[in-house]
Amino acid sequence: VEKTKSSINKSPRERFWGLTSDIFKERISRQDFVRKNPRELIQKKEKDEICREILNEAKKEILKEGLLVSDLHFVLQKILEIKIDGYSAPEIENYRGKNLNFKVLSAFLLSSYFKEIEDIFKKFNFLKNRKIIPSSEGLTSFVKEKSDNLIFINIGGKITQIFLTKEGKVEKIDEFKVGGAVFSESLSEKLGL
């Protein structure tokens, strides 16, 4: 019993936080890059420059939705897939090619929400060993060993998210502004609750 009590009182090494889809947004975009010297091997410096530009272009695509850079806090930006001249590649360093194609995952929320969450972390002393995990990251670990094409639907109160997976990878993320609250309201009206 004493051993159980002490293990219960131990602070966890990591804390994982999930946020609702009306606060925490995820987008997958496709980004293209054309190299000037396709016959040369891509060295680390060029790789870093290309990746930085690709991730910035993914951010700009999100900002076309009418937001400013200062409005958003990006929790994660990750290159999910790379193709060089049409062929899949695990990375771009030490490869040659002209046309580079990337699939990029961006996970973000409003800066004001992030500040409020950080204040909560401070209040409860959760600043160490904490991670905010996008739904797609958790889903990726679930589907990575599955070869089927799957559809996952996350019905929230106001927003429904749809995740399309292909061969164990998240292929597309979409959302629409209808959720369970509409169903609950309709049911409440019909039943007079």
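I take a charge to sit over a ring if NZ of Lys or CZ of Arg is within 6 Å of the ring centre and within 35 degrees of the ring normal. The model I consulted is a predicted one.

**Entry 1: the ring of Phe74**

With that rule I looked at Phe74 and found Lys59 over its face, at 4.9 Å from the ring centre. I then checked the burial of Phe74 and noted that it is buried, as is Phe108.

**Entry 2: aromatic pairs**

I searched for aromatic pairs, and the count came to one. The partners are Phe74 and Phe108, with 5.4 Å from centre to centre and 40° between the planes. I recorded the pair as tilted, since planes under 30 degrees apart count as stacked and those over 60 as edge-to-face. I located Phe74 in strand S3 (residues 72-84) and Phe108 in strand S5 (residues 99-110). The pair therefore ties together parts that are 34 residues apart in sequence.

**Entry 3: the sheet of S7, S8 and S9**

I traced an open sheet of three strands, ordered S7-S8-S9, with antiparallel pairing. Strands S7 (150-155) and S9 (169-176) stand at its edges; each has a single partner strand, so one side of each is left without a neighbour in the sheet. I noted that neighbouring strands here are turned by 20° against each other on average, direction ignored.

Next I examined strand S8 (residues 160-166), which is joined to S9 by seven bridges, the two running antiparallel. For Thr165 I found the bridge partner in S9 to be Val170.

**Entry 4: the helix across the sheet**

Lastly I looked up helix H4 (residues 135-143), which lies across S7, S8 and S9. I noted that H4 runs at about 35° to S8.

Terms used
Residues are numbered from 1 along each chain as its sequence is written. This is a predicted model: local features need pLDDT of at least 70, side-chain atom pairs count only at pLDDT 80 or more; totals for chains, interfaces and linings use all residues. Side-chain values use heavy atoms; hydrogens and water are left out. Two strands pair if DSSP finds at least two bridges between them. Helices (H or I, at least four residues) and strands (E, at least two) are DSSP runs, numbered from the N terminus. Axes are lines fitted to C-alpha atoms, for helices over the stretch in contact, and angles run from 0 to 180 degrees between N-to-C directions. Contact means heavy atoms within 4.5 Å. Rings of Phe, Tyr and Trp (its six-membered ring) pair if their centres lie within 6.5 Å; planes under 30 degrees apart count as stacked, over 60 as edge-to-face and the rest as tilted. Buried means under 20% relative accessible area, exposed over 50%, partly exposed in between (1.4 Å probe, protein chains only).
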